[in-house]
Amino acid sequence: MRKLWYMGLEPYKARYTLQLQEWNQAVFERRGIDYEIVPGETLSNDQAIVTGQVLDAHGRTFFGMSQLMNLVRKMKAGEVTSEDIIYFEDMFQPGIESLPYILDQVPSNMRPRIAVRCLAQTIDPDDFVHVWGMQEWMAHYEKMVDSFADIVLATNEEMVMHMKVAGWRAPIYNISGLAFGKDEVRSRVPGELKKFEDRTYRVGFAARWDQEKQPDFYMDLIEEYHRLQALPYNDWPRVEFCVFSGSKLRSNNSSYMERRRRLQAEGKLTVYEDLEKNDYYALLNDTRVLFNCALQDWVSNTASEADALGANILYPAYRSFPESFANDSERLYVPWSLRDAIQKLIPLLQHSHVNMGKFSAWNDSTIDRICDILQGNGEQWLRMSTDYRRYTHESKYL
């Protein structure tokens, strides 16, 4: 690879995209990679998601198309060659059809390799594209990208399987994690991390309040904990159950908002919203457990952040989470089992887990795994065999 052309995501205060480019740059520079960030133009300066759930519908498309315009300008000037790689942080990139249109008509020495990272897409039955009925046209878009991409980066083994059964044919690599910068996150909390035994008995929920994140199950957990705590033979601690949100809390299901307001009124739920990153990290630094019950997180940056900042993490043994947690049964509960979730929660409220820090350390090396693949040194992550369940039982790092 002569040069890496980086096609990042637009920054949002409420999403990890605000830090994503910085995390990548730090690794590129440490490894001595010649790279250039292809800029995009933002539609507004509010860094807010106004239309849609994950990224703003207008902002995402505007930024992506302006990026492609800048990339095409560089290709036209002869700056991009066949020795280069164009790396897209998201498989969905408005304007990407420009590339095969151009590459099929230019000399072979001007055809760079194309790498895309899949974040979810229609292969995920719980992705937002299904909530909004986009699957009919989006599946055709994915097939188009699959036809010319040289590298498709999957987040985990389970995602690889979904790609396989969808009939994708491009070379698929499992990067086994999400891009993360542990040092950068830790640097945002001044001084030493708070000792676990000095932390507030706080359980946090940092996923979106949308149906694919199952906030109803979290609220069930809250009510069940309070019910059991009131029994005379239980000496469980009083716990502040809360929600962390980087914007005003909203949902694609109004019943979740109604129930949340009721639990707030009863003093059972606290909502921290419109949080700046540093404020969120300060709360994590005084939290004992981050809880998750999502159908669709695949790996979860929130787990990396909490683990890096000294909080225990408790997630369902569902889909990709067993791989992400290296099959750690003490921090994985049976999906949809309130009893098992609470049984796993109690010890995590009392003591820091023996494996704390290893989850975030593994994800901290994800960008290195991506660079290995882009530089041709990551063939152990290639997943082109029909025996695509071969790696699911492996514990990648414990």
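**Exercise 1. In which loop does Asn-355 lie, between which two helices?** Find the spot in this predicted model, then work out its burial and its partners.

*Solution.* 
Step 1: Look between helix H13 (338–350) and helix H14 (358–364); Asn-355 is in the loop that links those two.
Step 2: Asn-355 has a relative accessible area of 11%. The cut-off for buried is under 20%, so Asn-355 is buried.
Step 3: List who it touches. Leaving out residues up to four places away in sequence, Asn-355 touches Asp-307, Asp-328, Arg-331 and Leu-398.
Step 4: Pick out the polar contact. The side chains of Asn-355 and Asp-328 make one, at 3.1 Å.

**Exercise 2. Take helices H8 and H13 and describe how they cross and which residues meet.**

*Solution.* 
Step 1: Start with the axes. Those of H8 (residues 215–229) and H13 come within 10 Å, and they cross at roughly 70 degrees.
Step 2: Name the arrangement. Angles of 65 to 115 degrees count as roughly perpendicular, and H8 and H13 are therefore roughly perpendicular to each other.
Step 3: Go through the contact. On the H8 side you'll find Phe-217, Asp-220, Leu-221, Glu-224, Tyr-225 and Leu-228; they meet Leu-338, Ala-341, Ile-342, Leu-345, Ile-346 and Leu-349 in H13.
Step 4: Sort that contact of H8 with H13 by class: 10 nonpolar residues, no polar ones and two charged.
Step 5: Now look at the spacing in those lists. An α-helix has 3.6 residues a turn, so residues three or four places apart point the same way.

**Exercise 3. Which residues does Gln-19 touch, and is it buried or exposed?**

*Solution.* 
Step 1: Setting aside residues up to four places away in sequence, Gln-19 touches Glu-184, Val-185, Arg-188, Lys-277, Tyr-281 and Glu-305.
Step 2: Link this to Exercise 3. Lys-277, Tyr-281 and Glu-305 also take part in the meeting of H10 with H11.
Step 3: Tyr-281 brings a polar contact too, side chain to side chain with Gln-19, at 3.0 Å.

**Exercise 4. How many of the nine residues of helix H15 are buried?**

*Solution.* 
Step 1: Collect the buried residues of H15: Thr-366, Ile-367, Asp-368, Arg-369, Ile-370, Cys-371, Ile-373 and Leu-374.
Step 2: That gives eight of the nine residues of H15 (residues 366–374), so this helix is largely enclosed by the rest of the structure.
Step 3: Read on past the helix. H15 is followed by Gly-376, which has a positive phi, near 80 degrees.

**Exercise 5. Where is Ser-176, and where is Arg-319?** Say what their phi values are and how accessible they are.

*Solution.* 
Step 1: Ser-176 is in the loop between strand E6 (172–174) and helix H7 (182–187).
Step 2: Ser-176 isn't a glycine, yet its phi is positive, about 50 degrees.
Step 3: With 5% relative accessibility, Ser-176 counts as buried.
Step 4: Turn to Arg-319, in the loop between strand E11 (312–316) and helix H12 (321–324).
Step 5: Arg-319 is another residue other than glycine with a positive phi, near 55 degrees.
Step 6: Arg-319 is buried as well, with a relative accessible area of 16%.

Conventions
Residues are numbered from 1 along each chain as its sequence is written. Side-chain values use heavy atoms; hydrogens and water are left out. Contact means heavy atoms within 4.5 Å. Helices (H or I, at least four residues) and strands (E, at least two) are DSSP runs, numbered from the N terminus. A polar contact is a pair of N or O atoms within 3.5 Å; within protein, one must be able to donate a hydrogen and the other to accept it, and residues adjacent in sequence count only if both atoms are side-chain atoms. Buried means under 20% relative accessible area, exposed over 50%, partly exposed in between (1.4 Å probe, protein chains only). Axes are lines fitted to C-alpha atoms, for helices over the stretch in contact, and angles run from 0 to 180 degrees between N-to-C directions. Angles under 35 degrees count as roughly parallel, over 145 as roughly antiparallel, 65 to 115 as roughly perpendicular and the rest as oblique. Ala, Val, Leu, Ile, Met, Phe, Trp, Tyr, Cys and Pro count as nonpolar, Asp, Glu, Lys and Arg as charged, and the others, Gly among them, as polar.
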